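Please examine the sequence and the structure below before reading on. The paragraphs that follow take up individual elements and then a whole chain.

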Amino acid sequence: MLYREAGQFKESYAADMAIFPIRQDRIGLAIILVAAFVGVPLAASDFVLAVVMVPLLIFALAAIGLNILTGYTGLLSLGTGGFMGVGAFACYKLTTAFPDLNIVVCILTSGVVASAVGAVFGLPSLRIKGFYLAVATLSAQFFLDWCFVRIPWLVNHNVSGAIEVPIRTLFGVAVTGPNASPQVRYLVILAIVTFLTWIASNLLHGRVGRSFMAVRDMDIAAELIGIKLYQTKLLAFAVSSYYCGVAGALMVFLWYGSAEPAVFGIDQSFLILFMVIIGCLGSLVGSFFGAALIYGLPIALRNGLGALGLQIPAATVEHLTLMTVGGLIVLFLIIEPHGLARLWQIGKQKLRVWPFPY
Amino acid sequence: MRAPSETAAGETLLAVEAVSLSFGGVKALTDVSFDIRRGEIRAIIGPNGAGKTSMLNVVNGFYHPNTGRITFKGTTRPKMRPHEAARGGIARTFQNVALFRGMTALDNIMAGRTLKMHRGFFWQLLRHGPAMAEEVEHRRKVEDIIDFLEIAHIRKVPVGRLPYGLQKRVELGRALAMEPELLLLDEPMAGMNLEEKEDMSRFIVDLNDQFGTSIALIEHDMGVVMDLSDRVVVLEYGHKIADGTPDEVKGDQKVIDAYLGVAH
Amino acid sequence: MNLLYAIFIDPFVQMGGAPDLLVQTLWEGLVAGVLYALIALGFVLIFKASGVFNFAQGIMVVFAALTLVGLHEKGVPAFLALAMTIAVMYGLAFAVERLMLRPLVNQPDIILFMATFGLTYFLIGLGELVFGGNPKVMIADALFLPKGAIEFKFAGGFVSLQKIDIAAAVIASIMVVALATFFQVTRIGRALRAVADSHKAALSVGISLEQIWVIVWFAAGVVALTTGIMWGARSEVSFSLQIVSLKALPVLILGGFTSIPGAIVGGLIIGIGEKIGEFYWGPLLGSGIESWLAYFIALVFLLFRPQGLFGEKIIERI
């Protein structure tokens with residue numbers, strides 16, 4: 001009886017067009033937000049915060065980025081890792097060039113650089129689509145990889161060739177660097193991810209989002225109702241890369257603490273793509289589910305097998321993870337091409353009409 | 001047959017002059033000329049493969065004719081992209097429904113309003129204030145269309161799950177949302193049962209009467225064509241073989257031959 | 001001016017000045033190109049017959065080579081191991097058809113494409129789990145592959161050709177001819193071409209899609225094994241080959257997804273182009289441009305001829 005919308009009448013189009021039109025959803029969202037901002041930092045151990053929650057949120061943000069491009073606009077990209085890298089390197093250059101600039105501002109601005117680079121590499125999408133575009137984005141990935149390694153200016157000529165994150169504070173509290181506590185890092189990331197998710201949700205529910213989906217579903221018809229394909233596709237690349245760039249900057253500054261260029265390799269691109277596929281192509285909440293599953297699976301496997309008393313070498317666990325992830329992707333594409341988010345929808349629908357089957 | 005007096009007086013909205021189109025060696029259209037007057041319903045008929053759909057594709061800029069000129073609203077246009085045609089006021093529907101399958105009926109029709117919405121990208125990010133006001137304003141217009149087409153009950157259903165007849169209606173709704181001056185309908189009644197055809201015919205006549213939209217209509221059902229249209233152009237193998245009022249065309253020997261075959 | 005000189009004049013002066021180096025570089029490019037072409041060939045087979053953009057083709061190369069070497073390491077004689085590996089590739093083709101293609105039939109192409117990502121990861125995990133993740137040495141001797149090099153004098157210098165590379169080129173040519181003959185002459189080949197043209201039409205004349213798919217995936221598996229042996233003999237067998245095998249993708253763009261001659265010509269262009277580019281223009285940019293040059297060549301090409309060298313012009317219909 002808890003999940004009922006009977007008696008909730010929408011009296012204006014604005015109410016009907018709200019992102020969460022059902023009251024229980026709004027309450028649920030509020031509870032989740034309170035739990036995430038207050039409950040988790042209080043209850044979770046440093047280990048859980050640093051090793052589970054922080055990466056999960058960062059991956060979710062990157063997955064949202066790729067989802068905007070692949071799930072909403074239908075442009076398959078294998079260059080996510082590269083765009084994340086652009087964000088990370090841009091943030092490093094920014095914060096070392098302007099040490100007094102607020103670190104959050106740096107991170108959010110670095111996304112703009114990634115966005116510009118993304119739009120440039122999105123240019124081929126004007127002529128080509130589908131598999132061809134996927135291959136074209138590989139050129140972005142490999143070219144950017146090469147730049148990260150070969151241009152020492154990007155890491156301020158560090159001998160290590162890696163980004164070494166300096167200490168930055170926010171209101172006097174260390175946010176980056178070795179002294180930043182997991183709680184602080186988690187809260188900063190959570191705030192950024194929540195804000196950007198809200199922005200993405202706004203964008204995707206309006207005119208721009210409809211143009212994206214129109215291009216995805218049938219580009220010819222989209223053009224015939226007056227949508228400019230090149231503008232829309234480039235915008236999708238730019239927005240998507242912004243999210244990936246911010247995720248990359250967060251990854252290096254608030255998670256790894258230092259990063260070699262290899263972090264942003266093709267494997268990273270695949271990982272994010274898998275999160276999007278398993279989560280749900282074209283769903284924001286799915287991006288979170290996908291990130292949780294793909295990132296959480298190895299941790300769960302490792303701990304689960306350990307708990308069963310099986311002593312399995314770490315390498316074997318890694319191989320098993322690869323197999324499981326690969327198998328899961330095929331399985332998901334077969335039984336539920338719309339991913340975890342679709343299961344979530346079905347669950348909610350069932351709950352709405354419970355105890356009746358329809 | 002509708003009274004010709006109410007529409008025949010309109011000025012010329014679209015003039016197609018001596019248009020030819022070929023793909024590789026295959027000629028789809030040869031030297032076709034006709035015009036559409038403001039406010040009329042103009043049928044394009046002909047056997048399968050006569051080049052009817054190609055004709056519409058040329059009109060809305062999807063194909064570019066090899067030779068010939070197209071004049072719309074008094075301006076003869078050079079090569080035009082489809083989105084420019086849309087901007088100029090040409091909307092269309094497709095033979096095989098071309099809806100955005102992953103989106104709801106409402107979103108499909110809202111997408112048709114894209115050209116009329118002007119709030120910039122950064123307002124879109126907020127979805128409050130002016131951006132929301134604009135959404136609501138257009139939603140109201142879209143709801144009028146939804147009422148007109150009697151599809152209120154399915155507005156939140158993803159169109160991929162709708163039956164064919166309703167999909168065609170949603171597609172018409174999307175075209176109407178553009179408030180076009182010229183509406184190109186490619187077999188709007190294909191695959192429909194009698195009742196659905198009657199509904200669709202009613203919508204077409206109503207929107208022509210109420211909004212004064214000029215319509216170019218491809219249709220195979222001769223009964224429908226004769227009832228709805230003011231003038232008919234007949235194509236066969238990419239050539240125009242007849243042009244006139246339904247009655248004139250009906251009596252034309254070439255048209256009868258094209259449809260029934262000629263004894264050699 | 002200096003820059004323009006370095007880009008447009010200097011490399012050609014170098015080429016003219018030392019023709020032996022040029023020939024050597026061309027040869028290196030040719031050999032790399034043959035191997036790219038082989039990977040692309042396996043890919044084209046599958047794409048033609050099932051419309052699946054098989055991202056896992058590169059991994060199948062590594063997986064096949066790894067299985068061969070792994071079996072030999074476990075004490076199986078070389079040629080028995082070869083036979084067993086072929087059997088494994090058949091098993092793989094069968095499993096892929098049963099577990100992946102059949103349940104996904106009629107899904108959009110892009111879904112099948114993504115499913116092959118899943119297959120890629122699954123095969124990496126499986127291969128490493130069974131045979132370990134360490135790089136291995138290809139059992140070239142046990143398979144009686146030639147080694148050493150032929151050196152000859154050329155224009156005042158020496159050019160050296162690895163015998164294994166010559167063998168690779170020869171074997172690749174034989175395989176291409178064999179496949180082409182198979183496609184043209186046999187009953188199965190005809191069925192394959194029918195399926196490539198239209199799935200529905202092929203079904204309606206009584207061709208079993210399932211059977212065809214197993215056959216093409218198996219054929220692609222055998223091509224993968226051959227590629228794996230040749231490539232393994234040149235360097236080593238490890239999953240780092242995966243990155244190299246991705247180079248088959250620009251080859252495909254160049255050659256078109258459905259053309260066997262296209263795969264070969266595309267492979268050679270990419271192979272030679274990137275070696276020449278790396279050798280003569282690489283130093284200008286700080287070298288290492290081989291990692292992305294192939295993609296850029298393909299991309300530039302794509303902008304001018306989206307359908308590939310041998311693909312048919314695509315006419316969009318609505």
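Helix H11 of chain A covers residues 266-279; helices here are DSSP runs of H or I with at least four residues, strands are runs of E with at least two, and both are numbered from the N terminus. At 1.5 Å a residue, the 14 residues of H11(A) should span 20 Å, and because its end C-alpha atoms lie 20 Å apart, expectation and model agree. The expected span is 1.5 Å times one less than the number of residues. The model is a predicted one, in which local features need pLDDT of at least 70 and side-chain atom pairs count only at pLDDT 80 or more, while totals for chains, interfaces and linings use all residues. Residues are numbered from 1 along each chain as its sequence is written, and chains are lettered from A and ligands numbered from 1 in the order in which they are written.

H11(A) is largely enclosed by the rest of the structure, because 10 of its 14 residues are buried. A residue is called buried if 20 or more other C-beta atoms, placed from the backbone, lie within 10 Å of its own, exposed if 12 or fewer do, and partly exposed in between. Among the buried residues of H11(A) are Gln268(A), Ser269(A), Ile272(A) and Gly279(A).

Chain A also touches chain B. The contact takes 26 residues from chain A and 31 residues from chain B, two residues being in contact if their C-beta atoms, placed from the backbone, lie within 7 Å. On the side of chain A, helices H1 (13-16), H7 (182-205), H8 (207-217) and H9 (219-224) each supply at least two residues. The largest share, eight residues, comes from H8(A).

Two bridges join S4(B), residues 67-72, to S5(B), and Phe72(B) has Thr75(B) as its bridge partner.

Strand S6(B), residues 90-93, is joined by four bridges to S7(B), residues 182-186, and these two run parallel. Ile90(B) stands opposite Leu182(B). In a regular strand the side chains alternate between the two faces of the sheet. Ile90(B) and Arg92(B) point one way from S6(B), Ala91(B) and Thr93(B) the other way, and all are buried.

Chain C, finally, has 13 helices and two strands. Buried residues make up 44% of its 318 residues.

Terms used
Two strands pair if DSSP finds at least two bridges between them.
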